[in-house]
Amino acid sequence: MAESIAQDLKVIVFRLKDEEYGVPVQQVGSIERMQHITRVPNTPEFVKGVINLRGVVTPILDLRKRFGIENVDYTESTRIIIVYVDDIEVGLIVDAANDVIDIPTDAIEPAPEVVGTIDDDYIHGVAKLDKRLLVLLDLKNTLSHGEVKEIKTMEGSREQ
Amino acid sequence: MDMNQYIDVFIDESKENLQSMNDLLLELEKSPTDLDIVGEIFRAAHTLKGMSATMGFQDLANLTHKMENVLDGVRNQQIVVTSDILDVVFESVDDLEAMIQDIASGGNGKRDVSLVVHKLQDIEEGRYIANNSQNEVAAATQVHTKVENSFKRLDEFELSVLEESREQGYQNLYVYVQLRNDCLLKAARVYMVFDVLEQIGEIIKSNPSVEALEEEQFDYEFTVLLVTKETPEDVKQRILKVSEIDKVEVEIFNQDSFSKQKEEQFNPKEPSSSSGKDKESTEKSSTQKSQTTGKTIRVNIDRLDVLMNLFEELVIDRGRLEQISNELEHQGLHETVERMSRISGDLQSIILNMRMVPVDQVFNRFPRMVRQLAKDLHKQVNLEISGAETELDRTVIDEIGDPLVHLIRNALDHGIELPEERSRKGKLEEGMLSLRAYHSGNHVFIEIEDDGAGINREKVVQKAIHNGLVSKEQAQSLSDSQINELIMESGFSTAEKISDVSGRGVGLDVVKNTIESLGGSIFIESKLDKGSLFSIQLPLTLSIISVMLVEIQEEKFAIPLSSIIETAIVKKEEIMSAHHKKVIDFRGKVVPLVFLKDVFDIPTGDSEDSFFSIVIVRKGDKMAGLVVDSLIGQQEIVLKSLGNYLTNVFAISGATILGDGQVALIIDSNALIK
């Protein structure tokens, strides 16, 4: 991960509440409009369910829920960003996604001590561009915190 | 040269060759005098050697080469096949396998094989056998036999060319060239040698063949039959001008003695040499080629998955088209859509069939394993395999191997007794282990049966009480099949001591889990001192299953038909309460009800029907009634996983995409029955 910020970073920008976030474009498969989501019972609250993404059943996470931001109704601009992290493919529900920008390396600063309500783990860094402030997400931690970690360790302990 | 693009093919083919070597060696053990088998093994080994040398896996090639020498000795009846010798050969096959494995997992195939090489050397040099005289013969005629061995198979045309050229005053020379061991561009050196030779004469034949030489499929030496007017010494000097040449021997080739020697070969009593190294003849390599180029192609399973995914989308669109054409009532459209449905149905079965492979692919490693295990455990076992041609989905095949290995190890270790014990029990000293596969309905059954000790009920019960799985009181009332189920609980092992073979690592619970994750089930039948039968039931394919679609409020779920006994609609009044649990009386049996909307937290409306739709499912001999809102109907669905993120969701085993493009979850009813 550390190497990828050594050069200019191309990120997909999306909005959650009144903040802007960025994820590396390499990790993004596509951006989808909202569609019918099949609820999956007995999963963490932020797991909205699964969708049929061109034949592949893809889990969908609600990022607002994930980050503990209050709920809003989905609107016309609500999007699902399909991301790939390692062998995991998930969709993230965000308020809006409409920008792709290049971030020069020197604009990226390490995650500050406190940023909003979000746990530092998810944050890879913060980019300052003119007056815009972009929170760069560490997707691996966004996903692996909690549920995935839990499952992985369960499996791990069984193998031993 | 970049060999990476060939590595997959290399690994696949090497595995195939190793497998056939394993199989053939087992056959050879049964009929040690069958030289045809030896020839086959030799061919497999030779192919492997050639390929590994080409790919630059020198250790692999060297070991195979040593093995080949031994096989050659066997073929020439200098080495008598014994169990001990085969042990060493098997050992080297194991090493080869380990090397291939290493390469497959990204390694360089290096491995310390000096011990086994040493053993092979011993065998080759006759230290393993009593009859030394034959070896002396071989040693005495070392150079000469090289000629004989190299060109055992001159055809009539070649012989007549040699004959003719001699009559015209040419010399037929036998040229033996050895390259230096550190020679880097072997093919280039060969080319240079050939270039030199062609300036002064004509090359009649080479060993290995020219193609093999060009592809570097040889070690460091090759031989050539040359027709020339030059003297042997001149030829030798000319060749030595090429760099990186270690040794050159040139002698006059005497085809009279050759023809004579050829006749002698028909007499199998005649000892010939064991030193022949590259016994490659064009004849042989051509048969090899015809074996490998059948009318099949290798397709990466991922590509088939992609094809399958694309096809599923087509099926979904087909559903929509059917719907639209029904609504529009247009005759032409109607017919076209119908035709398209039929064709895509055929296509679907073809794609599914492409994923089917014979279970043989898993079974074929067992004879070898059983042989080794029986030896290690000092037991006598006769393994019978039937139904190896039974076809299963590729993904099932990949998964089923480990559980089967585990069960077979169990059967050998805990099941089949030592010979003395068996005769004391009045059984044959040789134990029977039978491995069967067969189709039945929409399922494939794989059964492992032994005539060993069986499951000791008392021991299992005691262990279960000790582990706190059941109480003493419960234990009294357990049926035999319930006892048998117990041994598949996690952490359950009745093995008194941990042996090399079993009693460590994974237990039967993992076997059970794997099989259930494949949508299968496992049953055990066992009689003390009579033996045990493990019967595994697997779905034909993982990708398409029959389900009952049900609806709960707005949500649709699929329940696999394989676990459904029947569906029922019961009146509210018929539901009884037993110990705070809702139950129904289903054909004289008390069946507990599972309210899916509670299990799945489905937001419910206010109204409650006076009738309940119930799907009766079973797990082993236990039953449960799943309460749903309505039954939609039976349907074939394409099974999909929930992805790597959502693993282990309670009571959900997967998902599918319905005709309207939405996802429906598949209920794992096994998880709902305690």
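**Close-up views of a predicted two-chain model**

**View 1. Chain A and its secondary structure.** Chain A holds two helices and 11 strands; helices (H or I, at least four residues) and strands (E, at least two) are DSSP runs, numbered from the N terminus. The model is predicted: local features need pLDDT of at least 70, side-chain atom pairs count only at pLDDT 80 or more, and totals for chains, interfaces and linings use all residues. Residues are numbered from 1 along each chain as its sequence is written, chains are lettered from A and ligands numbered from 1 in the order in which they are written, and side-chain values use heavy atoms, with hydrogens and water left out. Along the sequence, the elements of chain A come in the pattern β-β-β-β-β-α-β-β-β-β-β-β-α. Chain A has 160 residues, and 49% of them count as buried (under 20% relative accessible area; exposed is over 50%, partly exposed in between; 1.4 Å probe, protein chains only). Among contacts in chain A with a separation of 6 or more, 56% are between residues 24 or more positions apart; contact means heavy atoms within 4.5 Å.

**View 2. The loop residue A:T43.** A:T43 sits in the loop between β3 (28-33) and β4 (47-53) of chain A. With a relative accessible area of 18%, A:T43 is buried. A polar atom of its side chain lies 2.7 Å from the backbone oxygen of A:V40. Residues up to four places away in sequence aside, A:T43 touches B:L646 and B:V649.

**View 3. An open sheet in chain B.** Five strands of chain B form an open sheet in the order β6-β8-β9-β11-β10, with mixed pairing; two strands pair if DSSP finds at least two bridges between them. At the edges are β6 (381-386) and β10 (521-527) of chain B, each of which pairs on one side only. On average, neighbouring strands of this sheet are turned by 10° against each other, direction ignored. Axes are lines fitted to C-alpha atoms, for helices over the stretch in contact, and angles run from 0 to 180 degrees between N-to-C directions. Helix α23 (residues 508-517) of chain B packs on the sheet and touches β10 and β11 (531-539) of chain B; the direction of the helix makes about 135° with that of β10(B).

**View 4. Two strands of the sheet.** Strands β8 (residues 431-440) and β9 (residues 443-450) of chain B run antiparallel and are joined by eight bridges. Opposite B:R436 stands B:E447 in β9(B).

**View 5. The nonpolar cores.** A nonpolar core is a set of buried Ala, Val, Leu, Ile, Met, Phe, Trp, Tyr and Cys residues joined through side-chain atoms within 4.5 Å. The largest has 59 residues, and those with the most contacts inside it include A:F14, B:F557 and B:L596. Strand β7 (residues 88-94) of chain A gives the most to this core, with four residues. A second, separate core of 50 residues includes B:L383, B:L435, B:F534 and B:I536.

**View 6. The strand residue B:F557.** B:F557 belongs to strand β13 (residues 555-560) of chain B. Its relative accessible area is 1%, so B:F557 counts as buried. Not counting residues up to four places away in sequence, B:F557 touches several residues, among them B:M548, B:F600 and B:I667. B:F557 and B:V663 are 106 residues apart in sequence, while their C-alpha atoms are 9.1 Å apart in space.

Key. A polar contact is a pair of N or O atoms within 3.5 Å; within protein, one must be able to donate a hydrogen and the other to accept it, and residues adjacent in sequence count only if both atoms are side-chain atoms.
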